Amino acid sequence: MEYTFDAIVIGSGISGGWAAKELCERGLKTLVIERGRMVKHVKDYPTAMLDPWDFQHGNTKTRAMIDENPTISKHYAFDESTKHFYIQDAIHPYIQEKPFDWIRGYQVGGKSLLWARQTQRWSDYEFEAPKRDGFAVDWPIRHQDLAPWYSHVEKFVGISGNRDGLPNLPDSEVLPAFEMNVVEKHIKNKINLHFPDRPVIMGRCAHVTAPQAIHTNQGRTKCMARSLCQRGCPFGAYFSSNASTLPWAEKTGHLTIKTDTVVHSIIYDEKTGKALGVKAIESDTKKEHFYKARIIFVNGATLNSNLILLNSKSAKFPDGLGNLNGLMGTHIAFHNYRGRITASLEGFEDQYYFGRRPTQVFMPSFRNVYKQETDFLRGYMVAFSASREGWAKPVDGIGASFKEALTEAGKWTISMMMQGETVPIKENHVRLSKEKSDQWGVPLLITSIAYTENDDKQLQDFFQEGTKMLEMAGCKDLVTVDQHAIGYRNPGLEVHDMGGVRMGHDPETSLLNKWNQLHHCKNVFVTDGACMTSTGNQNPSLTFMALTARAANYAADEIRKGNL
Ligand SMILES: Cc1cc2nc3c(=O)[nH]c(=O)nc-3n(C[C@H](O)[C@H](O)[C@H](O)COP(=O)(O)OP(=O)(O)OC[C@H]3O[C@@H](n4cnc5c(N)ncnc54)[C@H](O)[C@@H]3O)c2cc1C
């Protein structure tokens with residue numbers, strides 16, 4: 001073994017950053033191993049201050065970008081301004097037994113640089129769902145276990161939003177919310193009138209709208225609502241590991257970051273019954289290193305964490321570390337984003353809005369919340385926004401009248417989308433290829449994940465209910481689109497993949513206990529999306545952060561007590 005630490009964290013994204021922060025604050029000498037390059041806050045955001053005309057192709061996706069990257073080029077945020085934060089399709093291939101869009105960011109900060117920053121807590125309606133509805137296994141925790149850690153994370157991150165007082169979307173610790181525009185307010189009022197059980201709220205998002213000392217101490221300041229977030233924010237106004245958790249961990253003096261190093265596997269010590277450390281490979285030189293630590297946090301993002309653990313084989317665990325029941329890699333679930341409805345609305349042509357806004361309007365799930373009431377399981381959140389067509393709108397005419405028409409804002413258009421809970425099933429799984437490996441000698445991941453009939457029914461329900469709500473608000477020109485049916489959206493494109501190393505009470509049916517420890521190897525913690533027993537309908541990353549902070553503090557306590 002070449003190097004020894006108290007803790008190793010694999011991956012420096014949203015969850016790895018939180019593990020590093022908490023462990024370093026607790027005085028543990030922590031090594032973060034990151035397969036990608038260093039990205040320093042501000043300095044390494046090369047496009048953050050560029051205008052469209054500064055880009056070679058006006059900040060679009062060129063034909064070459066699309067041809068070279070058939071998967072990531074489908075992703076809405078991929079363009080000339082962000083492409084350096086996406087892992088290009090050819091760099092780390094995988095085998096799609098069924099079509100799966102695997103979107104990754106391999107760099108310090110991971111996808112925390114790219115995310116859309118929507119954050120909602122889970123309620124007990126989500127934690128209790130598997131038990132109530134008889135799928136997956138019972139979660140070993142409830143909202144009250146996570147509530148103090150949600151608060152802990154939210155205060156540090158900075159969440160903009162309102163305290164809405166909703167039973168199925170518990171309130172967060174919030175900073176001032178963004179505003180709805182006039183058409184969004186109109187739609188909200190109409191929905192409130194006709195569907196009193198469907199509250200419409202302003203999106204809660206990880207943006208500092210009124211900096212507190214905890215944010216300025218991180219060097220972060222107020223959101224300017226530029227909505228250029230995915231390029232990296234020079235104000236540190238939205239939460240990323242780069243702007244927030246990693247520099248905070250660094251200040252403790254306990255953090256070491258090793259970049260450009262791929263974790264190959266975790267080494268298990270048969271004598272002690274614990275993980276000894278990790279085998280890692282320098283991405284350029286392919287030089288092998290062994291790093292040793294008392295505890296290991298696996299935060300490579302869902303599918304890479306599954307990959308690392310499945311590849312961590314030993315005499316006791318021939319099918320992957322801690323995988324005695326053969327369930328590792330199974331029950332992968334995600335969010336159903338297939339449905340979109342667009343519409344227009346007349347009557348507000350004399351009204352406009354000022355500036356941009358980094359979030360939209362939300363409606364928490366209203367299906368099957370209190371009891372089962374449809375022929376599909378679980379529900380979906382609805383998000384929508386209204387805006388006016390800009391100068392690029394279609395305009396008739398020529399010459400002066402054409403130019404004159406361009407200076408006027410166009411009609412109001414509405415875009416509505418769903419974020420549905422998918423039900424984890426065993427068949428939706430990942431496994432390792434026995435024949436093919438990557439340039440670092442790691443087997444390629446095979447993805448075998450597909451939509452189910454439950455997802456199809458949920459989609460039809462969204463079309464029906466969304467149409468009803470928009471029509472009652474007076475909207476016209478409604479168009480519903482199943483983005484999967486038109487060949488665009490496979491599972492994975494929503495970047496909310498979860499599961500494979502699920503939490504549960506029973507080592508026979510789950511991999512992790514209620515503290516995110518592997519049942520069969522207690523000094524290994526998995527706290528990213530891989531640990532999720534089910535997916536809820538909320539955006540997931542806030543829950544990953546809270547679970548990570550909770551597990552890291554538990555691990556530090558156990559080390560102090562001499563149990564780890
Ligand atoms: C455009 C976009 C919009 C999104 N919007 C939202 C949203 O609004 N709300 C929300 O909740 N979520 C959103 N997400 C999802 C969110 O980004 C992820 O849930 C979150 O980043 C997951 O955190 P993580 O720590 O598990 O993984 P990541 O942030 O991806 O970090 C994983 C890190 O591990 C590293 N790594 C992987 N394998 C290895 C290895 N073998 N060795 C060493 N290092 C390794 C990677 O390089 C990476 O840096 C969005 C994602 C995208 C791309």
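I started with handedness: α1 and α12 cross in a right-handed way (right-handed means the near helix is turned clockwise from the far one by less than a right angle, left-handed anticlockwise). Before going on, I noted that this is a predicted model, where local features need pLDDT of at least 70, side-chain atom pairs count only at pLDDT 80 or more, and totals for chains, interfaces and linings use all residues. I also noted that residues are numbered from 1 along each chain as its sequence is written, and that side-chain values use heavy atoms, with hydrogens and water left out.

**α1 on α12**

I looked up the geometry next: α1 (residues 14-25) packs on α12 (residues 541-560) at about 30°, with the axes 9 Å apart. Helices here are DSSP runs (H or I, at least four residues), numbered from the N terminus. Axes are lines fitted to C-alpha atoms over the stretch in contact, with angles from 0 to 180 degrees between N-to-C directions. The angle makes α1 roughly parallel to α12 (under 35 degrees is roughly parallel, 65 to 115 roughly perpendicular).

I listed the contacts (heavy atoms within 4.5 Å): I14, S15, W18, A19, E22 and L23 of α1 meet S541, F544, M545, T548, A549, A552 and N553 of α12. I get eight nonpolar, four polar and one charged residue there. For the classes, Ala, Val, Leu, Ile, Met, Phe, Trp, Tyr, Cys and Pro are nonpolar, Asp, Glu, Lys and Arg are charged, and the others, Gly among them, are polar.

**α5 against both**

I then checked α5 (residues 143-157), which packs on α1 at about 100° with axes 13 Å apart. So α1 and α5 are roughly perpendicular. W18, K21 and E22 of α1 touch H152, V153, F156 and V157 of α5.

I found α5 and α12 at about 110°, axes 8 Å apart, so α5 is roughly perpendicular to α12 as well. Residues on the α5 side include W149 and Y150, and those on the α12 side include L547 and R550. That contact has 10 nonpolar, three polar and three charged residues.

**Ligand**

I counted 39 residues around the ligand (a heavy atom within 4 Å), and S15, E34, K111, A116 and S541 are the closest. I looked at polar contacts too (N or O pairs within 3.5 Å). A polar backbone atom of V263 sits 2.9 Å from a ligand nitrogen, and one of R35 is 3.1 Å from a ligand nitrogen. For G110, a backbone N or O atom is 3.5 Å from a ligand oxygen.

Note on methods:
Helices (H or I, at least four residues) and strands (E, at least two) are DSSP runs, numbered from the N terminus. Angles under 35 degrees count as roughly parallel, over 145 as roughly antiparallel, 65 to 115 as roughly perpendicular and the rest as oblique. A polar contact is a pair of N or O atoms within 3.5 Å; within protein, one must be able to donate a hydrogen and the other to accept it, and residues adjacent in sequence count only if both atoms are side-chain atoms.
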